[in-house]
Amino acid sequence: MPVKRVDKTPMPQRDPGLRAHDFLEVNEGYDLQRAMFEAERCLRCQDAVCVEGCPVRIPIPEFIHAIAAGDIAKAASILRDANPLPAICGRVCPQESQCEERCHLSGRFTPAAIGHLERFVADWEREQPACEAAQRPWRDEKIAVVGSGPAGLVCAGQLADMGYSVTVYEALHAAGGVLRYGIPEFRLPNAVLDWEIEVLKQRGVEIVTNVIVGKTIALDDLLEKMGFAAIFIGTGAGLPKFLGIPGENLNGVYSANEFLTRINLMRAYDFPTADTPMKAGKRVAVIGAGNTAMDTVRSALRMGAEQGLIVYRRSETEMTARLEEYHHAIEEGVEFHWLTNPIEVLGNDDGWVTGLKCQVMELGEPDESGRARPVPVAGSEFVLPVDTVVLSIGTTPNPLLLSSTTGLETDRWGCLVADETDGRTTRARIYAGGDVVTGAATVILAAGAGKNAAAAIHRDLAAARQTAAG
Amino acid sequence: MARILKKRTLTPVTRLFVVEAPLIAAAARPGQFVITRVREDGERIPLTIADFDEAGGTITIVVQEVGVTTRLLGALEEGDDILDVVGPLGTAPEIPPGGHVVGVGGGFGAAALLSLMRELTSRGDRTTAIVGARAKDLLILTDELGAVCDSLELCTDDGSAGFKGLVTERLQQLIDGDGDGGTSPDRVLAIGPMPMMRAVAETTRGAGIETLVSMDPLMIDGTGMCGGCRVTVNGTVKFACVDGPFFDAHAVDFNEAVRRNKMYADLEHAAADRQATACQGAAGGA
Ligand SMILES: Cc1cc2nc3c(=O)[nH]c(=O)nc-3n(C[C@H](O)[C@H](O)[C@H](O)COP(=O)(O)OP(=O)(O)OC[C@H]3O[C@@H](n4cnc5c(N)ncnc54)[C@H](O)[C@@H]3O)c2cc1C
Ligand SMILES: Cc1cc2nc3c(=O)[nH]c(=O)nc-3n(C[C@H](O)[C@H](O)[C@H](O)COP(=O)(O)OP(=O)(O)OC[C@H]3O[C@@H](n4cnc5c(N)ncnc54)[C@H](O)[C@@H]3O)c2cc1C
Ligand code: SF4
Ligand code: SF4
Ligand code: FES
């Protein structure tokens with residue numbers, strides 16, 4: 001029977017004073033005892049509304065019940081059937097606005113710790129001996145996946161399980177997309193991602209790095225010359241936005257993508273053992289308040305910054321970062337400058353950043369996004385003395401691939417037009433999903449899109465086979 | 001992984017590699033570049049595709065050793081693999097046909113001119129290459145360049161080969177009508193160290209000769225993802241890895257470009273010194 005306890009079983013975490021100086025994971029994970037203790041809180045509701053909050057509809061009460069019963073293997077198989085990346089989603093999903101927001105326990109109690117439990121099960125699974133023999137494709141059709149972020153990886157895994165021969169092409173030298181170059185190790189250790197990628201290879205997926213589709217190989221050549229029956233495009237939204245304010249090209253101004261890529265993909269924190277240098281500065285202002293901004297400011301602290309500042313033109317209420325990351329950032333000593341709009345980066349004679357000129361904002365009428373529009377307060381300019389400025393104000397899809405071919409429609413934000421339920425684009429045999437379609441969103445939405453597109457590709461190819469068989 | 005099929009030492013610090021890279025060789029256009037990485041945890045560095053052979057499935061790169069990564073690359077031998085090679089990156093320059101194009105090259109830039117000049121010559125443009133170095137034995141690929149240009153002009157600081165003086169001084173003479181055949185350049189293409197490209201820009205500015213320079217900012221991904229390679233051209237911010245590397249020489253903000261390239265100079269020098277000490281240590285111990 002469910003046990004009434006008001007609060008979530010706390011997630012053991014490393015001391016803020018220690019962890020803010022290294023890249024080891026902050027959360028230490030539940031042990032079996034904690035997981036079962038927490039699992040007992042779930043009411044096993046008939047109308048499990050939590051499931052509706054999950055974009056891939058994980059049967060949440062079922063897997064939690066299996067944990068409560070001590071059958072972790074069963075929990076793992078329930079999870080994996082619904083979500084191919086549980087170790088990752090358990091760590092990075094914005095649970096407070098998805099599954100956990102809907103949980104019946106929310107309100108008087110804190111919700112069931114669905115994310116922590118998901119992570120527990122997936123971490124347990126990773127420690128089990130690998131047993132399955134390598135899977136070989138048994139169908140004739142080959143499918144190409146472009147991009148190895150969560151959308152591409154999940155799509156590839158699903159198609160491999162259906163017997164297709166799948167090749168994933170990745171532009172960078174390592175697979176994983178944002179999970180590799182963006183989200184830092186203190187939230188998502190590389191070992192977790194490496195394991196997921198190994199499992200995919202075991203399932204028969206071939207991953208080819210250092211291939212930029214649209215440059216190294218033309219998209220159309222995949223279909224016409226290389227014999228792929230279908231293509232899934234999961235190239236993400238990797239193009240950084242800049243503000244266009246004066247001083248943005250001073251030394252010490254970075255996009256969050258550059259800042260995080262140097263640290264995560266290139267391991268600049270290990271310089272000079274790793275060859276890529278990085279100057280994170282002593283006082284670092286990060287502009288924006290999403291997950292990327294939190295990751296950036298916390299990475300800056302870990303790179304040796306004495307002060308990390310978040311500068312955001314709206315207020316705390318409009319912040320889009322995961323709640324847990326916000327709390328962790330506060331614990332680690334990040335300063336928050338709400339309702340503060342940067343208008344100019346100031347530099348010295350050598351061209352290095354010395355400050356960020358800002359103006360104070362107040363909230364006005366709601367804008368088209370429904371959020372209160374920030375408006376400047378006259379005469380409120382002031383200067384934050386900083387030596388590094390990182391822009392984390394969003395990204396859009398990279399036009400590189402889409403501009404190299406024809407017939408693929410994009411919308412006015414440069415997003416690829418594709419059906420949200422099956423990933424079909426405006427061209428036959430080409431499917432797409434994840435951030436390239438939605439604009440910068442979440443891991444679970446990308447994973448879900450990859451899964452849906454795999455199903456659609458399978459359906460369409462089966463129909464084509466039938467037609468061919470006449 | 002890309003196998004090194006051939007290695008040639010051009011100067012004590014410059015090596016040429018012919019590398020097996022069939023996909024890149026098939027897709028490359030003159031003026032594009034690759035990004036390479038030579039070891040786990042290594043840096044990603046951009047290198048021009050000096051030449052490519054689609055039939056043979058190879059590309060040629062010429063590396064001038066200036067720091068940790070270029071030295072590690074320079075130490076690789078035939079039969080070794082380069083860990084990562086990705087490309088072709090960047091946009092090939094668009095040069096309207098039919099004019100007299102003068103390519104100016106310094107350092108590895110002479111190699112970078114090779115496939116560009118060959119393409120222009122073979123489509124019927126009149127081509128001149130001006131390449132310079134401190135002394136004769138530091139000039140690279142002069143035979144190869146001479147074979148693909150209508151005329152080749154050598155410049156050395158000490159006069160040990162060709163014209164005694166800077167490439168820009170010779171360029172000025174050509175503009176004044178003193179070249180082979182006497183036609184002054186319609187277009188100039190400069191590839192090499194930033195100070196040289198900047199001097200070329202100043203040389204052609206007055207005469208209003210269309211000039212392209214191949215900018216070489218620090219890069220990471222080479223696909224437009226990091227924005228680290230941004231250069232200001234005519235007041236607008238461009239990403240050199242996708243919009244470039246070729247830009248209008250008279251519109252580029254060179255001050256900014258030079259300053260941004262020095263961003264990590266202190267760290268890079270320290271790392272290079274450490275590497276040099278480590279090498280000496282190893283050699284001494286052997
Ligand atoms: C710093 C940061 C933190 C985040 N934190 C969270 C979080 O906590 N929770 C959450 O849910 N979401 C988070 N997100 C968002 C989430 O990571 C993305 O929504 C998700 O990764 C999108 O997945 P994707 O597969 O569509 O694309 P991506 O992960 O962007 O992967 C696309 C891949 O395609 C490759 N590619 C691009 N073009 C080509 C080409 N032409 N040829 C070959 N390969 C190509 C890219 O190199 C990349 O590897 C975060 C994002 C960032 C940047
Ligand atoms: C599009 C493009 C094409 C290029 N083509 C070639 C080529 O064909 N052959 C070749 O030898 N080099 C080429 N370069 C330059 C080459 O990428 C750099 O020399 C290399 O990155 C240096 O790496 P390193 O680790 O050896 O030296 P580092 O230790 O990184 O640097 C050593 C010193 O060189 C300076 N430096 C670093 N990168 C650059 C750069 N991009 N431009 C100028 N100075 C720099 C540093 O500030 C430092 O002082 C090209 C650069 C670009 C952007
Ligand atoms: S995948 Fe994400 S939204 Fe779905 S149950 Fe897991 S943590 Fe919640
Ligand atoms: S809504 Fe909450 S309590 Fe009910 S089944 Fe879902 S997780 Fe359990
Ligand atoms: S090198 Fe990253 S955007 Fe150009």
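Start by selecting A:Leu105, which touches A:Arg41, A:Leu43, A:Thr110, A:Pro111 and A:Ala112, leaving aside residues up to four places away in sequence (contact means heavy atoms within 4.5 Å). Before you go on, note that this is a predicted model, in which local features need pLDDT of at least 70, side-chain atom pairs count only at pLDDT 80 or more, and totals for chains, interfaces and linings use all residues. Residues are numbered from 1 along each chain as its sequence is written, chains are lettered from A and ligands numbered from 1 in the order in which they are written, and side-chain values use heavy atoms, with hydrogens and water left out.

**Stop 1: around A:Leu105**

A:Leu105 sits in the loop between α7 (99-102) and α8 (114-127) of chain A. Helices (H or I, at least four residues) and strands (E, at least two) are DSSP runs, numbered from the N terminus. Is A:Leu105 buried or exposed? A:Leu105 is buried, with a relative accessible area of 8%; buried means under 20%, exposed over 50%, and partly exposed in between (1.4 Å probe, protein chains only). Now select A:Asp270 as well: its C-alpha is 44 Å from that of A:Leu105, and the two are 165 residues apart in sequence.

**Stop 2**

Next, pick ligand 4. Among the residues surrounding ligand 4 are A:Leu43 and A:Ala112, both of which also touch A:Leu105. Others in this shell include A:Cys42, A:Cys45, A:Cys50, A:Cys103 and A:His104; a residue is near a molecule or strand if one of its heavy atoms lies within 4 Å of it. By class, the shell has 8 nonpolar, 1 polar and 1 charged residues. Here Ala, Val, Leu, Ile, Met, Phe, Trp, Tyr, Cys and Pro count as nonpolar, Asp, Glu, Lys and Arg as charged, and the others, Gly among them, as polar.

**Stop 2: A:Phe186**

Select A:Phe186, in the loop between α10 (178-181) and α11 (190-202) of chain A. A:Phe186 is buried, with a relative accessible area of 1%. Not counting residues up to four places away in sequence, its contacts include A:Phe23, A:Leu24, A:Asp295 and A:Arg302.

**Stop 3: where chains A and B meet**

Show both chains. The contact takes 41 residues from chain A and 43 residues from chain B. Together they bury about 3,500 Å², 55% of it on carbon and sulfur atoms; buried area is the accessible area (1.4 Å probe) that two parts lose on being put together, summed over both. In chain A, A:Lys215, A:Asn249 and A:Asp275 lose the most area to chain B, together 20% of what that side buries.

Zoom in on A:Asp275, which forms a salt bridge with B:Arg39, their closest N and O atoms being 2.7 Å apart. A salt bridge is a side-chain nitrogen of Lys or Arg within 4 Å of a carboxyl oxygen of Asp or Glu, and the count between chain A and chain B is 3.

**Stop 4: ligand 2**

Finish at ligand 2. Of the 22 residues around it, B:Pro46, B:Val62, B:Gln64, B:Thr70 and B:Glu268 come nearest. A backbone N or O atom of B:Pro46 is 2.7 Å from an oxygen atom of the ligand. The side chain of B:Thr48 has an N or O atom 2.9 Å from a nitrogen atom of ligand 2.

Definitions and conventions:
A polar contact is a pair of N or O atoms within 3.5 Å; within protein, one must be able to donate a hydrogen and the other to accept it, and residues adjacent in sequence count only if both atoms are side-chain atoms.
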